Amino acid sequence: MASVSFTSPDGSVLTLEAANGEKLMKVAKQNGVPGIVGACGGNLQCATCHVIVPSEHLAKLAPPAADEQLKLAETAYPREENSRLSCQIIVSDALEGLSVVVAPYQR
Amino acid sequence: MKLQSIAIIGGGHAGDELIGLLREQDFKGDITLFDASTLGPYERPPLSKGFLQGDISKDSLSTRSPAFYDRVGVQLRRGVTVELVEVSEQGVRIIPNQGPALEFDAVVVATGMAPRQLAVPGSTASGIHYLQSLEDAVILRDALLDAASVVVLGGGFIGSESASSINQRGLNVTLIESGSRLMKRAVSEAVSHVFQRQHEAAGVRLMLNSGLVSVSSEDGRVVGVQTIDGENIQADLIVASIGVRPRTEFLDQTGIVLQNGFVVVDEEGRSSHPRVFAAGDVALFPNPRGVGEPTPIPSVDNASWSANIVVRGLLGTSVPEKRSAPTFWTKQYGLEVQIAGLIEPRDHSVIRGNEQGSSFSVMHYFSGKLVAIEAVAAQRDYQAGAKAISEGYTIPPEVAVSSDVDLSDLVFSTSQGRRSEG
């Protein structure tokens, strides 16, 4: 279990309790976090669950795998250094207190 | 037109997406969702893949938490079918199969598709399954527990995926397709062939250019089929994936323009009646290529895109954005093809890589312009192609076929360059 905050393009902030083992994108979709599209259902097909992780939170996450890196090149909003696809972030206790910013647009 | 109330008919990927998007776009009026299913929104693509194979549980398919609906505020009418819609200049009246008729300022039709029913002699036997909804998938998956031999009818995406999933459960599968190759309408020949080889290597019996004469049964239960080739094939159950039709009968009396049951809509998802919109599989948008006939685009990607467009149309918030290439994918026996753009028979195509192998791409051109890519286990090609198509950048055919060129490096350096120039 981890408490994770999403800051959306409309300025709204949602803090959600996420169960271990879930994809962060799925948690966001299930709770309707504005700005997360997740069109492919988390299959690394669409690059529409783009989030940006503030530097001070990066240590909570494992670095992106090669296929996520590749997919990040395809985001509609140009990727930033700390960009991630939230479907590739798996919730664990280590994420407690994580805060991410939803990319300004996804497609 | 300032809207106070909006009804959404259909709670699939498009209908459910609309709820959140309307609130994101600051719609403060009433939203009512009519959904024939009681199972709530769920991911549809895994039904014929991981769910049927037994790798994914029913609960994990759910796409929304109850807290979401409480927070956004929506009237949920699940398990309710809309029988009739009446339209006037003032509003839309919805007559459901239970409860009172209700009035709305606007309605979005997102009812999706219904499977075409098998109609050969013997088709009333039990043991004939369709695979369109989670309800269907649960029943089919349970029935597979007692089956040894399965006939899958129809080699489109759903039939071909089902044959793969059922084969992977260790059952004996015969896949019968009326056309000359699998997934003929969706993919090119080289891609059909690589998947056909996968089926055959896994032990599925493929019967192309074939079809059923009748279904045979004992005590009302399916025991086999007779094919037009004169063969009798034993089967404990049949999965019929022989086509779909839009669920739009309730619009027949409205005078709204339909084409083969699809709701014809403009660039903002508006039908021929200004208060009626359509999203998802039932919506027939102008051809995304800008030329040619409108074409149905049955995919989750399109459901999500069209929901986004319809919200803009409903609320008049802003002009529709440039459309990124529609995308499709299928995975069978662990082999994946990713498709971006619409493939049309008149396109010129070239193949990158070895089509006899299990990783290659087919690039499609119309009037010299790259319009679609099919990438078989070729992630970098796919990403490059999808990006190029969406941005209107053409990778010339002679470059595309060169194994010396990394398409990703080519496209992404070009678009980065453009961005910094712009």
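Reply: Two strands are taken to pair if DSSP finds at least two bridges between them. The model is a predicted one, and the pairing in chain A can be followed from strand E1 (residues 2–7) of chain A, which six bridges join to E2(A) in the antiparallel sense. Within this pair, Ala2(A) has Ala18(A) in E2(A) as its bridge partner. The two strands belong to an open sheet of five strands in chain A, ordered E2-E1-E5-E3-E4, in which the pairing is mixed. Its edges are formed by strand E2 (13–18) and strand E4 (83–85) of chain A, each of which pairs on one side only. On average, and with direction ignored, neighbouring strands of this sheet are turned by 35 degrees against each other.

Strand E9 (residues 128–129) of chain B runs parallel to E16(B) and is joined to it by two bridges, with His129(B) standing opposite Val239(B). Strand E10 (residues 149–153) of chain B also pairs with E16(B) in the parallel sense, over four bridges, and here Leu153(B) has Ala240(B) as its bridge partner. In a regular strand the side chains alternate between the two faces of the sheet. In E16(B), accordingly, Leu237(B) and Val239(B) point one way while Ile238(B) and Ala240(B) point the other way, and all of these residues are buried, that is, under 20% relative accessible area.

How values were computed
Residues numbered from 1 in each chain as written. Chains lettered and ligands numbered in written order. Predicted model: local features only at pLDDT ≥ 70, side-chain atom pairs only at ≥ 80, totals over all residues. Heavy atoms only, no water. Buried < 20%, exposed > 50% of the residue type's maximum accessible area, 1.4 Å probe, protein only. Axes fitted to C-alpha atoms, helices over the stretch in contact; angles between N-to-C directions.
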